[in-house]
Structures are given as structure tokens and as C-alpha cells.
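Here's a quick walk through the model you have open. Take a look at it, then read on for the notes.

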Amino acid sequence: MMRKLWCLVIITLFATKGQAQMGFTKYPSEYQVKAKFLYNFARFVEWPDGVFADSNSSITIGVIDPDPFGIDLDKTVEGKRINGRGFRIRRFHRVNELEFCHILFIGTPDKEYRLQILKRLEDWSVLTVGDKKDFAYDGGIINFIMVGKKIFFEINMKALKKSGLVLSPRILKMSNLIEGD
Amino acid sequence: MKIHPIQKLKLNIKQKLTLIIMVSSSIALLLACAGIIVYDQMTYKQVMRRKLDTLAEIIGNHCTAALIFEHEKDARETLSTLLKAEKYIVFASLYDKNDKIFARYKREGVATTTLPPLPEEEGSYFEKDYLILFQEIMLEGERIGKVYIQSNLGEIKARLKSFIIIVIVVLIISFLVSYLMTAKLQRIISEPIFHLANVAREVSLQKDYSIRAEKSSQDELGFLTERFNEMLVQIQDREDALQKAHNELEIRAQELQKELTERKQAEEELKTSEEKYRILTEGAPIGIYTSDCEGNFLYGNKMAEEIFGFGREELVGKNLVNLKLLSLSDVNKITELLTLSKLGKETEPHEFTLNRNDGSKVIIRNHNRLLTISGEKLVLTMVEDITERKRSEEQIKASLKEKEVLLKEIHHRVKNNLQVICSLLYLQSTKVGDKRALEMFTESQNRVRSMALIHEKLYQSKDMANIDFSEYVQSLTTYLFHSYGVKTGTISMNLSIDNVLLGVDKAIPCGLIINELVSNSLKYAFPNGNKGEINIQLYSDNDNHVIMNIDDNGVGIPEDIDFQKTKTLGLQLVNILTRQLKGTIKLDHEEGTRFEIVFAR
């Protein structure tokens, strides 16, 4: 009886807490989710040796125009650390401005531009993430696909292999694996 | 001592030992098994928790990506894949970081419509038949979700079941082993006891205390055996002593029996003798009574009662003095006698006159004697009614007096008559001229005279039977001197007559003998007026013989005369009279004449 009563109290407590949080944050927007995913990919990726200057070096997340995240991405990674590493956001506006970053979001719907960017990144071990149709087929590694309101992944295994990155099978398991160029 | 229920069972020590060992070892084993089971269950619960923890961790680990990337399907598949192998997990669910249900798993075939519970705080607990676990899923210090696992206790139950089976098997096996071992090993204890019991039984059956138990161990049983043997020794000793005592007792009992019989006999005899003496006392023709030293009656026999004229009850406790039966002088006398008796002095019987209450008078003769019976002094008195005797005594005395008077009269008359004869002879002699004849007359006169003198002395004597012989001889010799005209100064007479009393039958012959012999002496011993003396001696010797010597210092009897064959009347008379006296006569004529006549009195 006491136990049941306790359960009830706890349940009520959590219920109100959850509601309060939900009321405060509302439902996250699509890019808020994508920003979160972007940063979370860092957990499931192994970069080859030499991509970090030292063990404390930050993980650089780059966004090449067009930038759909705005301040949300910065907010998402603010204060976050994965494997002891902090995050740095870099924004690029042109292809020739591109420098090495660990994760690069390519949000352009322009296929040519996309290919240019990818070409530019060819020799670097950069986890390329996009959210436009055929991104993965074009040589990007991970592509966000919307099915209803849910976000799924397409992963270009060839591109992945080429980049020298290792993706956790847990990601692979829940993704559509494609054999693009 | 409290009796244990086991003691009440009708089992021998072997069975009891086996039972005790079996029961205790089984209980101990059972307890140990129960302990192990309980411990195992407890431990296994911990193990289960840990397992579940690990499982939850694995789930969390495998679902991080799904949670992070909000891939519910993947989460579901992961849950299903991971939990399918765990057949006790009946339910599991995954919550996102907002505690929203994210994925769930329900074991197939488990009939439950339970919705996944609302998430609770991290931890695990047992509820009913389930183990419930909530665990946070963390990633880089960030809470990304929560896992809930509900496991049934099938595993633990199965474990319990298999454990119980093992316990039962172990119990059965150990029971059997224990039984076999106990059956073998209990002999160590039971056999010495059996042996002891057997010995004890044998001892009690055969009553043979010389049997001994063998000591087989150094423990308490060995000690017991030793003490048992010691006890047997003691019992044997005691038995012997008892037997001895018993024998002695038997002998004593026999002695006692004998003694008792003897005593009974003695008592019987005593009773008989008592009865006899009672009858004797009661039936005695003489009064017997006892009194204390103060003269109070204690007992009196029938005769005593008759004499005193009182019943026994009236007499007992009374004092003779106070019965007013006696005159004052008699009372004084009787008191005096009593006092003497009290001092233990012998008293002579005394006569008293009793004035009895019925007015009659009796003369009694009382004889006291002090007796001591059982340390108590009392006076036994014999009392005799002598009234009758006294009366007849008086009569006898009277008649005796009469007879005495008569006898005196007779003696007097005889003397007088003899005196008359004497006088007649004298008168006659005056007419006789012949000297010889005259002499004969004179002699005859003297003889009669001597006889008359006896009668005179007899009637003068006290008892009329005996005379005082010296007086008689004096009178006789004086008469003879006078008769024969002896001149004074010529012949002297010496008399030495002891006071011998002689009866008439002896006195008359004696008197006649003296008369003859003195007459002879006077006539012949001193012729021509010679001087001389005549001695008469009479005495009695110790043999009751009377010796009579008559001698003179005269001329003596001629030698040729045999006095026993003489023809003279005088000597003839002497011989005849001596014979009449049944005595002897001896003549001695050394100096004068000496006759000795000896006769029995």
C-alpha cells in the first residue's frame, strides 16, 4: 500500500516535471533536431589519426552556406563535450574558403555546388552531412531523410570508406546504406 | 530428572542412539541445507539484480544511438534482440530523456495487458513475483533515457526447485550413509552398555555377585563399568555380611525361641508354682498375713480372715492396732514386736487374745518374721487360732495335776504301808531272841525301809517319777548308821553323789544295792569298833552310763569268796538287782572292799 502510494507520488512528480519542460521548450524545430544530431554524430565517428592536434583539441563542426541552423547549432553545442573534446563552429561561405573541419554540413540544394564542395573535401577525413535529395548518392556520407516528421539517415558506404572514417555500427544499423559514387 | 519423550519410547539403547543420531544429523543437515538455500536465494537475488543491471546497461549501450537519433524501430529491434534470449524477462521498456515511452518489449506468450509503468527513479526491487528495475541511460554524463526491465522469478524458482531436489537427494544419501555409519559406530557406545546391562541382568537373575563386567573403554562407560564392578564387590561384601548377620540372627532367633520357650515354661512353672503357693497359702490351716513395717495389712489368707473375723477388703490397708481387737497391753506388746521385727531381730511367737467384733474371744499365736521382697521390707506373720489347744492344754494340765496328786497319794500310801511293814517287823523282832534271826529281821527291816524311803523321796519330788538320788542316799545311809548303831567318830561316811535323776525302776534296785553293800560294810568291814570310812560315789559318764562306786577301807571280803556265787542273801540280792539294772558289777579288794556297778540310765 505504502509502496503504491510512493509510486503514485513519484509518477505525479515526473509527470508535472515533464509537462513543465515541454511547456518551456515546445517541440524542437527540424533544424534544432538536425543540429543536435549533427553534434551527436561525433559520438559515433572515429577519425583517423592526425586529425586532432592533441587530445584536447576541439571537434570542429563546419557549415557551408546556406546555413539553416543559425544560432541553434551554436546553442546546441554550447558547453557540450564528447570524449573530453569541446566543439567549435565554423561557417564557410565559399568553396575556396573551406578549411578542415571534422563534421561539415552541406545544405545546398545545388547539385553542382555540392559536388564542388565534396570534391574540395576529397582528401580530408571529413564527415559530410547533408539534407537534400541525392546528397548521399552524390558522394556525401550521411544524408538526413524526412519520413513524415521523423528523420532517418542515408549513408554512402563508399564515401565513408573513402573518407577513412569509421562509423559506429549502431548508426549503420538504423540507417539506409547505399552504395553511391 | 525430566523425562525426554524419547525415553518413553519402547526402544533399546541401540535404537535410541540410532534414532537420536539420525534425527539430529538429519535436522542439522536440513538446517544447513535450508541455510544454504536461503543464502543462495538471497545471493541469487543479488546476482539477478546485477544481471539485470548488466542487462539494462547493455540495453542502454545498444540503444544510445537509437535514443539519440530518436530511432524507435531500432530501439524496439534492439530490445527484442537482446531480451529474446533472456526468457525470464517478461517486460521491458525504454524511455527517452523526457521520460516519454520510447520503445517496449513484451515477451511472447506472456499474458499481460499491463501498460509500461511510468518511469521511476533508478533502482531495482522485488515486487510480488517480479524483479523490477529502472536504470538511467547516460551518455557522456548526460541523461539520455531510461530503461525498465521486469523479470519474473522463474529463474530463482527454478533454482530453488533444483536446489530442493539436490537437498532431498543429499538428505536421502546422507541419511542412508549416516544410518549405516551410526549402525556401525553406535556399537562403541551401545555395546558396553549392552554388556553392562547383560551383566546386570545375569547378576540379578542368578543372584551371583561374583560376575564382573569387562571394561572396554576409558570414557564414562569405562568409569561406569568400574564403578559397577566396585558396586558388585560392595554388594557381595554386604551380601556376605548380610548372610552372616542373617545366620547369626537365625541362631539368635533360635536361641530366642528356645529362651522364649524356656521362659514360657518357666512362666508356666512360675504360674503353676504361684498357683501352688497361692493354693498353699490360701489353703494353709494357719493364718498368714503380711503387713508393712507400720503394721498396716497388705495381704491376708483365708484363715487369717477367719481368725480376725474381717473380710479381706476390710483388712487390707488397716492397722491391727487400730482394729480395736486387742487389749492395751497386747497392743503395746504387738507394737514392740513389730519394732523388733523392723530392726531385723528375730522374735518369738506370742499369744494374744482377740476380742472379735461378734463378741467371741480367740487366743492367737502370732509369729513375726521380717522379709525383703524386691527390696521392700515387709513383715510376714503366722497367726494361729490356739483357743482350742489352749483349752485342751488347760484340761491336760488339770488332769495331770489330778494324776500327780493321785500318784503322790499312792507313793505316800506305799511308803506308809512299807513303814507299817517295817514297824511290824520291828515289833516282831523284839520277840526274837535268836541273834541270827534278829539280824535277819533287822536286815529285812532295812530293806523295806530303803524301799519306803524311795517312795517318800518320790512323793516329795516334783515330778513323781525321778528322785534326787543324793538326798536319798544321805537319808538311807543316815538311817543305816542309826540302824546298825554305829558310834559317832568311828566310821565316817563320804558321799559324792552327782545330781543324777533316776526313775523308780532304777532307783529302787540302786537303793537296795546301796542298802546291802553299806550294811555289809557296817557289819563286817570294821570289826571290833575299828575306825574307817565308807565312800559312795555316783556319777554319770558321757555315754549316759551311771557309775556307782561303793567302797570301804575295812578288812575286806575274804579272798576265797566268789561274791557272785555266794549263798549270802545280801550279795545274791546285789547280783540279782545288778542284772535287773542290766548293768555290770566289779569287785576290787586291793584295799578294803570296792564295788563298781555300771548301768545304763
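Contact here means heavy atoms within 4.5 Å. One thing to keep in mind from the start: this is a predicted model.

## Chain A at a glance

Chain A has 181 residues, and 48% of them count as buried.

Looking at contacts in chain A with a separation of 6 or more, 56% are between residues 24 or more positions apart. As for the surface, chain A exposes about 10000 Å², with carbon and sulfur atoms supplying 56% of that.

## A:Lys80, a loop residue

Where does A:Lys80 sit? You'll find A:Lys80 in the loop of chain A between α3 (71-77) and β3 (87-92). Its relative accessibility is 26%, so A:Lys80 counts as partly exposed, a class that lies between the 20% and 50% cut-offs.

Setting aside residues up to four places away in sequence, A:Lys80 touches A:Tyr39, A:Arg85, A:Gly86, A:Phe87 and, over in chain B, B:Glu142. A:Tyr39 is 41 residues from A:Lys80 along the chain, with 9.0 Å between their C-alpha atoms.

## B:Asp40, a helix residue

Over in chain B, B:Asp40 belongs to helix α2 (residues 13-68). Is B:Asp40 buried or exposed? At 11% relative accessibility B:Asp40 counts as buried, because the cut-off is under 20%.

The side chain of B:Asp40 makes a polar contact of 2.7 Å with that of B:Arg159. Beyond four places in sequence, B:Arg159 is joined by B:Lys45 and B:Phe163 on the contact list of B:Asp40.

## The nonpolar cores

The largest nonpolar core has 69 residues, and those with the most contacts inside it are A:Phe41, A:Phe153, A:Leu167, B:Phe69 and B:Leu94. α2(B) gives the most to this core, with 11 residues. There's also a second, separate core of 47 residues, which includes B:Leu512, B:Ile514, B:Leu517 and B:Leu522.

What does A:Leu167 touch, leaving aside its neighbours within four places in sequence? A:Leu167 is in contact with A:Phe44, A:Val45, A:Ile141, A:Ile142, A:Ile155, A:Leu160 and A:Leu172.

## Cysteines

How many disulfides does a search of the whole structure find? The count over all chains is 0.

B:Cys33 has 10% relative accessibility, so B:Cys33 counts as buried. B:Cys422, at 6% relative accessibility, counts as buried too.

Note on methods
Residues numbered from 1 in each chain as written. Chains lettered and ligands numbered in written order. Predicted model: local features only at pLDDT ≥ 70, side-chain atom pairs only at ≥ 80, totals over all residues. Heavy atoms only, no water. Disulfide = S-S within 2.5 Å. Buried < 20%, exposed > 50% of the residue type's maximum accessible area, 1.4 Å probe, protein only. Areas by Shrake-Rupley, 256 points an atom, 1.4 Å probe, with all protein chains shown as cover. Helix = DSSP H or I, 4+ residues; strand = E, 2+ residues; numbered from the N terminus. Polar contact = N/O pair within 3.5 Å; in protein donor to acceptor, adjacent residues only side chain to side chain. Core = buried A, V, L, I, M, F, W, Y, C linked by side-chain atoms within 4.5 Å.
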